[in-house]
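Please look over the model below before reading on. My notes follow as numbered points.

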Amino acid sequence: MSASARMHADELDIDAELVRRLVTEQFPEWAGLAVTRVASAGTDNAMCLLGEDMVVRLPRLPGGARQIETEQRWLPRLAPHLPLSVPVPLAMGEPGQGYGLRWGVYGWLDGGDAYDSPLAEPADAAAELGRFVAALRQVDAVGGPVSFRGGPLGPQDADVRKAIEDLGADGTHDPALATAAWEHTLALPQWEAAPVWLHGDLLPGNLLTTAGRLTAVIDFGGLGVGDPAADALPAWALFSAGTREVFRETGEFEDEVWARGRGWALCFGLVAEHYYRGGRNPVLARVGHRAVREVLEEFGA
């Protein structure tokens with residue numbers, strides 16, 4: 001999709017010229033470097049390439065500064081424990097030039113995302129990503145922020161049921177099956193152990209590939225602690241029945257965590273497809289549709 005496409009009614013105005021002024025004002029050592037807006041299907045942050053090896057991330061929404069602050073604080077602490085590359089924070093910018101939020105500068109990671117540059121060996125990628133989430137879960141979580149997907153699914157009920165109603169009415173999904181799967185999810189036991197780290201948003205667009213191989217995980221704006229179930233989301237949003245179990249085994253997902261993870265995939269898929277369809281974000285709408293399809297096929301088997 002285009003780099004300048006708007007997805008939200010309250011989205012902030014961000015362009016390369018704004019980024020150029022912010023960088024020149026706050027980081028004069030980088031003044032004069034080329035600034036190029038990066039096309040992305042990401043919903044929360046705009047990105048601009050700065051020079052050849054840095055990227056600037058700016059929240060698109062008024063309440064988005066917390067994501068940048070979370071990445072800047074916690075990524076350097078987590079990175080040494082993780083088996084895949086993650087963004088390296090280089091600087092945090094302050095509000096200025098008419099833009100009211102903090103923003104970040106990171107080292108650029110080469111590669112395409114797993115949506116536009118698909119995995120050549122999904123089973124290998126499933127094992128790699130499983131090891132990543134297992135390693136993340138083992139890092140000391142004391143003091144970590146609460147993940148936006150680290151709690152129970154109950155608060156999502158109204159949005160999910162509205163999506164089921166609308167997507168069922170137009171024949172996109174079977175509403176009876178989707179409702180049954182969702183109600184099964186809501187009845188599952190909840191996480192009662194100590195909070196652990198989770199990425200929270202392991203979608204294809206946040207996974208980088210090089211020559212078809214998974215090499216990096218990006219976009220840690222949803223990073224936090226809580227129930228690790230949401231990190232099972234790629235089992236249905238990215239992988240298929242043939243590779244799902246590889247991810248489950250290497251990710252060390254217990255049965256109840258895995259079941260809640262399937263519920264998160266259903267929740268994400270329904271809400272994302274419902275919100276982003278109709279051209280608002282075709283990529284996320286298609287990823288959401290796939291996640292719902294995979295969940296319902298498995299649940300109905």
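1. The crossing of α3 and α7 is right-handed. A crossing gets that label if the near helix is turned clockwise from the far one by less than a right angle, and left-handed if anticlockwise. Helices here are DSSP runs (H or I, at least four residues), numbered from the N terminus.

2. This is a predicted model: local features need pLDDT of at least 70, side-chain atom pairs count only at pLDDT 80 or more, and totals for chains, interfaces and linings use all residues. Residues are numbered from 1 along each chain as its sequence is written, and side-chain values use heavy atoms, without hydrogens and water.

3. Helix α3 spans residues 122-138, and helix α7 spans residues 241-250. Their axes come within 7 Å and cross at roughly 25°. That makes α3 roughly parallel to α7 (angles under 35 degrees count as such). Axes are lines fitted to C-alpha atoms over the stretch in contact, with angles from 0 to 180 degrees between N-to-C directions.

4. Which residues of α7 meet α3? They are Thr-243, Val-246, Phe-247 and Thr-250. Their partners in α3 include Pro-122, Ala-126, Leu-129 and Val-133. Contact means heavy atoms within 4.5 Å.

5. Now the loop between α3 and α4 (157-169): Ser-147 is found there. Is Ser-147 buried or exposed? Ser-147 is buried, with a relative accessible area of 5% (buried means under 20%, exposed over 50%, with a 1.4 Å probe and protein chains only).

6. A polar atom of the Ser-147 side chain lies 3.1 Å from the backbone nitrogen of Arg-149. The backbone oxygen of Gly-222 lies 3.2 Å from a polar atom of that side chain. Ser-147 also touches Leu-198 and Gly-200, among others.

Key:
Helix = DSSP H or I, 4+ residues; strand = E, 2+ residues; numbered from the N terminus. Parallel < 35°, antiparallel > 145°, perpendicular 65-115°, else oblique. Polar contact = N/O pair within 3.5 Å; in protein donor to acceptor, adjacent residues only side chain to side chain. Lists of a residue's contacts leave out its neighbours within four places in sequence.
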